[in-house]
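Hi,

Here is the structure I promised to pass on to you. Have a look at it first, and then read on for what turned up in it.

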Amino acid sequence: MISPNEPNIQLDPQGRLKHFLTIEGLSRGLLTEILDTAESFAGVSERTVKKVPLLRGKIITNLFFETSTRTRTTFELAAKRLSADVLSLNISASSASKGETLLDTLRNLEAMHCDMFVVRHADSGAAHFIAQHAAPHISVINAGDGRHAHPTQAMLDMFTIRRHKGDFSQLKMAIVGDIQHSRVARSQILALNTLGAKEVRIISPATLMPDHAETLGVKVFHKLEEGIQDVDVVIMLRLQRERMSGALLPSEHEYFQLYGLTDERLEAAKSDAIVMHPGPINRGVEMNSQVADGPRSVILQQVSYGIAVRMAVMAMAMQTQGQGSAQ
Ligand code: CP
């Protein structure tokens, strides 16, 4: 998506994050800066008054053209904790449903002096398109586009892993499930490789594995028990039926028999391995409730850390507009 021959539109001339559209093309230093900045914001959630004045007077608009629970609400909370004014456009109740084009919607929001768009869209490349066409002062954050990228999800996952496991260079990681249709997996693989993870494995039935998956910088497995052997982190993914064309699986029951995570199967991983899932979980499909609610699951911590990580990304992007320090 980002051509090596073009300037990276995510960065301003000083190399700072202006838009956050994909992990691709970002340096280890910049990803680490996001994690460190999120660390400085994590304590805000523990305070009686859960707010800092960093983005007071700024307008952040959530443009969610696709359903979301975690991403939309944590972006909204994060913006409010930074003291920004937040607009959450209900797309199904907006004039987009009367035929208004995306660019006309943007122009109208720009006329209201918005400073940032947070965009979720079913089409890959939608956030990039908006960043290319928005007014120069506006920052665009990708909250998930098609099967392409979900960079803030990847960074909240990296934050969770770093909090539990520390140094990435010592870690073996397993990402299990519908890799083919997963924007989360693509962003996680890029982030883990950029941050120097020791080994990244992907585990999936052949029908849900992308062609030439090895070129992503991963080891490819088709058997769950083999793939999670001695790993430090197991990331389970949802079957993304909304992006599948045709029947790629016999049944969810059969999928669980082969790829569903249970306590017994988890014994193949390291004894202190953590279990992650970006949500929403389909219990009894990718994992059972014993694992989802068990002592090794950090799934709800991922959601909590999403607020601090999204605060960090928004604060850093606004910094490029001269709004002071993110710390
Ligand atoms: N992980 C994630 O993107 O969840 P939502 O679809 O609920 O935002």
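**Around the ligand**

A backbone N or O atom of Thr 69 sits 2.8 Å from an oxygen atom of the ligand. Please keep in mind as you read that this is a predicted model. For Arg 70, an N or O atom of the side chain is 2.9 Å from a ligand oxygen atom. For Thr 71, a polar side-chain atom lies 2.6 Å from an oxygen atom of the ligand.

Now for the overall layout. The protein splits into domain 1, which covers 28-149 + 304-317, and domain 2, which covers 151-298. Domain 1 brings 27 residues to the contact, and domain 2 brings 25 residues. Taken over C-alpha atoms, the centres of the two domains are 26 Å apart.

How much area is buried between domain 1 and domain 2? The value is about 2300 Å², with 59% of it from carbon and sulfur atoms. On the domain 1 side, Leu 35, Arg 147 and Tyr 305 supply 33% of the area buried against domain 2, more than any other three residues.

Polar links also cross between the domains. There are 7 residue pairs in polar contact across the interface, both residues at pLDDT 80 or more. Which elements of domain 1 each supply at least two residues of the side that touches domain 2? They are helix H1 (28-42), helix H2 (70-81), strand E3 (116-121), strand E4 (139-145) and helix H11 (299-319). H1 gives the most, with 9 residues. Sorted by class, this side of domain 1 has 11 nonpolar, 7 polar and 9 charged residues.

**Salt bridges**

Side chains of opposite charge can pair when their charged atoms come close. The whole structure has 14 salt bridges, and the count between domain 1 and domain 2 is 4. Here are two pairs to look up in the viewer:

- Arg 162 and Asp 36 meet through their side chains at 2.9 Å, N to O. This pair links distant parts of the chain, with Arg 162 in helix H5 (residues 151-165) and Asp 36 in helix H1, 126 residues apart.
- Arg 183 and Glu 66 also form a side-chain salt bridge, at 2.9 Å from N to O.

Note on methods
Residues are numbered from 1 along each chain as its sequence is written. This is a predicted model: local features need pLDDT of at least 70, side-chain atom pairs count only at pLDDT 80 or more; totals for chains, interfaces and linings use all residues. Side-chain values use heavy atoms; hydrogens and water are left out. Domain bounds come from an automatic or database domain assignment. Contact means heavy atoms within 4.5 Å. Buried area is the accessible area (1.4 Å probe) that two parts lose on being put together, summed over both. A polar contact is a pair of N or O atoms within 3.5 Å; within protein, one must be able to donate a hydrogen and the other to accept it, and residues adjacent in sequence count only if both atoms are side-chain atoms. Helices (H or I, at least four residues) and strands (E, at least two) are DSSP runs, numbered from the N terminus. Ala, Val, Leu, Ile, Met, Phe, Trp, Tyr, Cys and Pro count as nonpolar, Asp, Glu, Lys and Arg as charged, and the others, Gly among them, as polar.
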